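Hello,

I am handing over the structure below. My notes follow it, starting on the surface of one chain and ending at the ligand.

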Amino acid sequence: MPAALLETVGLCAFYGATQVLFGLDLKVGEGGVTTLLGANGAGKTTALRAVSGMVQTTGDIRFCGQSLAGWATEDIVRLGIAHVPQGRGTFVSQTVEENLKIGAMSRRDRAAISSDIERVYGYFPRLKERRKQQAGTLSGGEQQMLALARALMLRPKLMLLDEPSFGLAPLVVRDLFEILRTLNRAENVSMLLVEQNASLALDLADRAYLIETGRLVMTGAAQDLRNDENVRRAYLGY
Amino acid sequence: MDLFLHQALAGLATGSIYACLALAIVMIYAAINHLNFAQGEMAMFSTFIAWQLMQWGAPYLLAFVGAAAFSFVAGIAVERVLFRPIHKAPVLSHIVLFIALFAILNSLAGFIWDYNVKSFPTPFGSRSLFGNGLVSSHDAGMMGVAFTMLVLLYVFFRHTRIGLAMRAAAANPESARLAGVRVGRMISLGWGMAAAIGAVAGIMIAPVVFLDPNMMTSILVYGFAGAVVGGLTSPGGAVFGGLAVGIIENLAGTYIPYVGRELRLTIALFIIVAVLTAKPSGLFGRAIVTRV
Ligand SMILES: Nc1ncnc2c1ncn2[C@@H]1O[C@H](COP(=O)(O)OP(=O)(O)OP(=O)(O)O)[C@@H](O)[C@H]1O
Ligand SMILES: [Mg+2]
């Protein structure tokens, strides 16, 4: 296990008076991929929102050794943490290209932004064809690509991915995971991945956590969880 | 025919002021999802500031810029001090606060500057342009100023980084935050800009309607009519709506018997009701394209 890029210690999260997460200790290694598995409502989305400073939390969240407690979302983003939210967060009335520019809003290096736009078009040629189109008119899959592309415009060190394969055709999911793998291997982007397709997620990940109703029930190398009898039955279906 | 054209042009001139106010209303609506009922009173107060600066001997241009700058800062202050703390409160709390702001600005202006109607200077003169007294040189100048401002705003929103950030913050605040947009600052900026736009509108219309604490009441109704015609979510629609309301108001006042001067305000209310009944989202209301 390489040095931790992101680490939560005793992370609890609350929606008003309702506690949803109960003392999670999570780690994402430098250059690593960690996946969070769990049933609907287990608290996976909430865990990602906690890292982005979008819910009330207690406990500590450390990124590159620095505590993020009390940080505003806008400032957390500036550390290089790109959150691809569940539901994609598309700016529907803006064009595809404007969506990408919004993704680069925390950067000021204009020339590099333009070349990054071309670079993400390289990953997602479909988006290039539709660059002037209103983003709300894209198909669900295209919007998912746009969400990923928007996050890449941040030049992230860490991506928080919330069900990136949601609503995509199986073949598109394969392509998407290939792209994630490339980003991880070639561009050294670390990832905290929440995914319904546990099999693909465990393939990509080096580390995995299983949560049930806001509590960690299993922690380990992705390989170990893949071979675990209970995980196989509940999440892999064989 | 000439009469018709001149009446339409005169309508376009006042319409450009309604368009500015409608735009200010839409900008704040986009930022906080509430209608600023005090937009007109804010503009009135700004106009008094310009008048006061001129009373103190400032030249017109300085008073104009000074009042707009003051309004920009005051708009930000109103957002920070009054509205940010209650941004999660229900609609009714907002309405109460808007009405309070309306009443406070109105009586404060009356207290400082009294309720006597004052004349307000124009740098464009008041010559009649076509010899029939329908369109004055001030009308032309007012239209020029309003259109210049609207074009500059269009360029700002379409082609600048901050303009895009403001649109993103208004369209999807949560997602904008995740992209690093400082949403709170964008909302403040929207208030400041809306207040400054209102100031320009007030200063431009004051020579026509004269200066007093109630000068903007009916103008605000026209502004709302414009915003509603445009669909509340569309800045371009608001501008179109404001212009249309100005022209309709003037033509109806001329050609429909009985409407005359007295019933003109009724036209604005009629337009609001008619549009809301026929097309609740307005002519340019966001056709919400969503896909699941
Ligand atoms: N805004 C909210 N207010 C109150 N409770 C919430 C809110 N959002 C989520 N919850 C609750 O928190 C719990 C965890 O929700 P969360 O969205 O994190 O689950 P999840 O693991 O991402 O589920 P899914 O797989 O369905 O996306 C759920 O019981 C949910 O009802
Ligand atoms: Mg979820």
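**Surface of chain B**

Leu3(B) has a relative accessible area of 41%, so this residue is partly exposed. That class lies between the cut-offs of under 20% for buried and over 50% for exposed. Please keep in mind that this is a predicted model.

Leu3(B) sits in helix α1 of chain B. Together with Phe4(B), Leu5(B), Tyr255(B) and Ile256(B), Leu3(B) forms a nonpolar patch on the surface. The accessible area of these residues together is about 450 Å². Helix α1 (residues 2-32) of chain B supplies the largest share of the patch, namely three residues.

Is Ile197(B) buried or exposed? Its relative accessibility is 4%, so Ile197(B) counts as buried. Ile197(B) belongs to helix α8 of chain B, which covers residues 183-209. Although Ile197(B) and Ile17(B) are 180 residues apart in sequence, the C-alpha to C-alpha distance between them is 9.7 Å.

In chain A, Thr8(A) is part of strand β1, residues 4-15. Thr8(A) counts as buried because its relative accessibility is 2%, and the cut-off for buried is under 20%. Where does the side chain of Thr8(A) reach? It comes to 3.0 Å from the backbone oxygen of Leu24(A).

**Ligand 1**

There are 13 residues around ligand 1, and those that come nearest are Gly41(A), Gly43(A), Lys44(A), Thr45(A) and Thr46(A). By class, the shell is made up of seven polar, four nonpolar and two charged residues. Which element gives the most to this shell? That is helix α1 of chain A (residues 44-51), with three residues.

The contacts to oxygen atoms of ligand 1 that I would list are these:

- Gly41(A): a backbone N or O atom at 2.8 Å from an oxygen atom of the ligand.
- Gly43(A): a backbone N or O atom at 2.9 Å from an oxygen atom of the ligand.
- Glu163(A): an N or O atom of the side chain at 3.5 Å from an oxygen atom of the ligand.

On its own, ligand 1 has 640 Å² of accessible area, and the protein covers 59% of that.

Regards

Terms used
Residues are numbered from 1 along each chain as its sequence is written. Chains are lettered from A and ligands numbered from 1 in the order in which they are written. This is a predicted model: local features need pLDDT of at least 70, side-chain atom pairs count only at pLDDT 80 or more; totals for chains, interfaces and linings use all residues. Side-chain values use heavy atoms; hydrogens and water are left out. A residue is near a molecule or strand if one of its heavy atoms lies within 4 Å of it. A polar contact is a pair of N or O atoms within 3.5 Å; within protein, one must be able to donate a hydrogen and the other to accept it, and residues adjacent in sequence count only if both atoms are side-chain atoms. Accessible areas come from the Shrake-Rupley method with a 1.4 Å probe; for residues, only the protein chains shown count as cover. Helices (H or I, at least four residues) and strands (E, at least two) are DSSP runs, numbered from the N terminus. Ala, Val, Leu, Ile, Met, Phe, Trp, Tyr, Cys and Pro count as nonpolar, Asp, Glu, Lys and Arg as charged, and the others, Gly among them, as polar. Patches are made of residues with over 30% relative accessible area and no salt bridge: like charges are joined within 9 Å, nonpolar side chains (Val, Leu, Ile, Met, Phe, Trp, Tyr) within 5 Å. A salt bridge is a side-chain nitrogen of Lys or Arg within 4 Å of a carboxyl oxygen of Asp or Glu. Buried means under 20% relative accessible area, exposed over 50%, partly exposed in between (1.4 Å probe, protein chains only).
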